[in-house]
Amino acid sequence: MAALSAMMLPLASSLSTFTRGENSSSSLPTSLPLSLSNHSSTSPKLRGIRIQCVRVGGVEIPNNKRVEFSLQHIHGVGRSRSRQILCDLGMENKITKDLSEDELIQLRDEVSKYMIEGDLKRFNRLAIERLKEIRCYRGIRHQMGLPCRGQRTKNNCRTLKGKKVAVAGKKKTK
C-alpha cells in the first residue's frame with residue numbers, strides 16, 4: 001500500500017527506480033522501474049495516472065471537450081466570447097487534450113486579455129454597491145431582493161423573493 005501511494009507522488013524525470021527501504025527480505029520486488037520515455041506531450045502519464053484538466057485563466061477546464069465548450073467553464077467567458085478567442089488565435093476547435101504546449105500558451109495569453117473570474121465578480125459587486133449607495137431604483141430593488149429589470153412580481157421571481165409564505169386568511173363562515 002505504501003509503495004502504491006509513493007508511486008502516485010510526482011517524481012523527477014531523472015529517477016529511474018523506486019526502492020522500498022529497510023525490509024528487503026519480502027517477496028515483493030525491491031525496485032520498480034519507471035519508464036518516463038513514453039509520455040505524450042499533451043497528456044502526461046505516470047503508471048496510469050493522467051492529468052484530467054488544463055488550467056486556463058486560473059480555472060481547470062475539462063480535457064475531454066472541445067476548446068469552445070471548455071472555455072465556457074471560466075466565469076465571464078460564454079459561447080460568443082470563446083468563439084471570438086478561437087477566431088483571434090486562428091485556432092481550430094479541437095479537443096482540449098489534443099492542444100500542444102504552444103497552443104495552450106497562446107490560449108492562456110488570449111484569455112488573460114479579458115476580465116474574468118475574480119476581477120469580473122469584484123467589478124459587478126462594486127457596481128451593485130454603488131447603486132445601493134446612491135439609492136437609485138435599481139439599488140433599492142437589489143437591497144430588497146427584488147428583480148430590478150422590470151419583471152412582474154405578482155406570480156414569478158421566486159428565486160429572488162424566496163419561498164412562498166402562507167398568509168392566514170379569513171375563514172369562510174356559513
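Keep in mind that the model is predicted.

Start with Glu68. This residue sits in helix 2, residues 67-70. Is Glu68 buried or exposed? Its relative accessible area is 9%. The cut-off for buried is under 20%, so Glu68 counts as buried. What does its side chain pair with? The side chains of Glu68 and Arg83 are joined by a polar contact of 2.8 Å. Now the wider surroundings. Setting aside neighbours within four places in sequence, Glu68 contacts Arg79, Ser82, Arg83, Leu86 and Asn93.

Next, the core. The largest nonpolar core has 16 residues. Val56, Leu71, Ile74, Leu107 and Val111 have the most contacts inside it. Which elements supply at least two residues each? Strand 5 (53-56), strand 6 (59-62), helix 3 (79-89) and helix 4 (101-111) do. Helix 4 gives the most, with three residues.

Take Val56 from that core. Not counting residues up to four places away in sequence, Val56 touches Ile61, Leu71, Ile74, Leu107, Arg108 and Val111.

Last, the helix pair. Two packed helices are described by the angle and the distance between their axes. Here, the axes of helix 3 and helix 4 come within 10 Å and cross at roughly 125 degrees. Helix 3 is therefore oblique to helix 4. Their crossing is right-handed. Which residues make the contact? From helix 3, Ile85, Asp88 and Leu89. From helix 4, Gln106, Leu107, Glu110 and Val111. Note Leu107 and Val111: both are also among the core residues with the most contacts.

Methods: Residues numbered from 1 in each chain as written. Predicted model: local features only at pLDDT ≥ 70, side-chain atom pairs only at ≥ 80, totals over all residues. Heavy atoms only, no water. Helix = DSSP H or I, 4+ residues; strand = E, 2+ residues; numbered from the N terminus. Buried < 20%, exposed > 50% of the residue type's maximum accessible area, 1.4 Å probe, protein only. Polar contact = N/O pair within 3.5 Å; in protein donor to acceptor, adjacent residues only side chain to side chain. Contact = heavy atoms within 4.5 Å. Core = buried A, V, L, I, M, F, W, Y, C linked by side-chain atoms within 4.5 Å. Axes fitted to C-alpha atoms, helices over the stretch in contact; angles between N-to-C directions. Parallel < 35°, antiparallel > 145°, perpendicular 65-115°, else oblique. Left-handed = near helix turned anticlockwise from the far one by under 90°.
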